[in-house]
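Me: I have a new structure to read. Please walk me through its pockets and cavities.

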Amino acid sequence: MRISALVLVLFFLMGAGVASAQSRGTAREVLKSTPGNGPGGSPRTAFLTHRLGTDHAEAITTLDMNGDGFDDLLSGAYWYENPGAHGGEWKRHQYRTVGIHEEFVNDCAEWTIDVNHDGAPDVVTTGWITNGLWWYENPKKTGVMWQKHLIADSYDTEGGVMADINGDGKPDVAVAHYNHSGILWVDFSGAQPKVHHVGGKEQDGHGIGVADIDGDGKADILTPYGWFQNVDADHDKWVWHGDWKLGETGFPIIGYDVNNDGKLDLIYGQGHSYGLYWLEQAGTSAHRIWTRHTIDESFSQSHALKLVDLDGDGEPELVTGKRYRGHSGGDAGSYDPAVIYAYRIDRKTGTFTRTAISVNGTAGIGTQVIAEDLDHDGDTDLATAGKMGVHFIENLKINKNVPKATREAQRPIERNWPFPGEGPEVEQENGPR
């Protein structure tokens, strides 16, 4: 009787333990129909990559080419037609010709600007292979090839930045040169583009940015070797400060107050080697001190960067990734996997937390990044171009407009299947024999 009673007590206690565990929810099945947060409660960041074409152009811009209210993607000789809010095929159309050389397209930067002020945005472009900063004139109708016009001679131009340099509220473009021939910036506010020259060979290099370093309300020009203080941009008055040596940076060099101390810091990548860094500004206006901090050194060729709010929390994330074959396989890490990453910036600690957007696929970062709500669903999408093609990278933070039939049509499984001789069609068995 005593043994039986003991067994009964143990059985009761075990049952109570199971009931207690179940009441705490450790054994209950949870079926979620919508995504939740990531580890540690971090907001979900999820993107769906769509490969639109396999052209080798590495620059990209946006423009509503057909007037349907949705911006299309332009890269190299082609524009890719936005299918709209419900998704679908991005049809490719040609609108201009570009030069090619070996595996390169002569297209390292594109900007959408109404150069001739006729109400129809044009495309300003430059490349590394042949000389020139050019603009392609919008004919105001589809199916017509766009004509190009020379703005300025610009040799070894592998990138630039669009910003308001002279404070007139209109976009300007500044370009840098691999051969250190001197920085150019172009004012598009007049009837004809006005070309300005800034500095000489020793200040120019691979990389450029525009930001207000000294906080005086004027846009300064940043180079890999220091910065030009804007005194009077329209009249070519600048003061040079050789405050740093950053190497062959990506485009652009970004100005951002990383640690929220009221002083503008820099964020930059190494365009042809490993390394992503931020440069902390300290000291005084008379004697600035710059300290380099490592963000990420695990991938190479961070040739294009973008600050953009991807998760809608009001704070921008840093978006960058690997350019594929920037020098035809000659760069460090050329054969590493292609990656695109977003970094959340903790401005209390000055630290960066990385989230993968695309890893080991065909999508990387070429020479520019587009951040825009391309499908008009309320979140910010991305688009990139590179030697593995043009990609629309759909933000799934808001994911309600694309029907299942369209998703089914986009599924990446092999359609021409089964393969010959793989095996016969068999019946599904739903139980034991």
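Reply: We will take the pockets, then the cavities. This is a predicted model, where local features need pLDDT of at least 70, side-chain atom pairs count only at pLDDT 80 or more, and totals for chains, interfaces and linings use all residues. Residues are numbered from 1 along each chain as its sequence is written, and side-chain values use heavy atoms, with hydrogens and water left out.

Me: What is a pocket, and what is a cavity?
Reply: Picture a 1 Å grid over the protein atoms alone. A cavity is a set of points where a 1.4 Å probe fits but cannot get out. A pocket is an open set with protein on both sides within 12 Å along at least five of seven lines. Lining residues have an atom within 4 Å of a point.

Me: How much space lies in the largest pocket?
Reply: About 610 Å³. A volume is the space filled by probe spheres set on the points, and grid points are joined across faces, edges and corners.

Me: Which residues lie nearest the centre of the largest pocket?
Reply: Trp111, Val161, Met162, Lys306 and Val369, out of 29 lining residues. Several strands (DSSP runs of E, at least two residues, numbered from the N terminus) supply at least two lining residues each, including S2 (61-63), S8 (109-113) and S28 (369-372).

Me: How do the residues of that lining divide?
Reply: Into 18 nonpolar, eight polar and three charged. Nonpolar means Ala, Val, Leu, Ile, Met, Phe, Trp, Tyr, Cys and Pro; charged means Asp, Glu, Lys and Arg; the others, Gly among them, are polar.

Me: What volume does the second largest pocket have?
Reply: About 460 Å³. It has 23 lining residues, with Thr49, His50, Arg51, Gly88 and Gln410 closest to its centre. Strand S1 gives the most to this lining, five residues. The lining holds nine nonpolar, seven polar and seven charged residues.

Me: How many cavities of 30 Å³ or more does a search of the whole structure find?
Reply: Four. The largest cavity has a volume of about 80 Å³. Its lining has 14 residues, and Gly364, Ile365, Ala385, Gly386 and Lys387 lie nearest the centre. Four are nonpolar, seven polar and three charged.

Me: Which residues line the second largest cavity?
Reply: Thr45, Leu310, Asp311, Glu317, Ala342, Tyr343, Arg344 and Thr355. About 50 Å³ of space lies inside. Strand S26 (residues 339-346) gives the largest share of this lining, three residues.

Conventions:
Helices (H or I, at least four residues) and strands (E, at least two) are DSSP runs, numbered from the N terminus.
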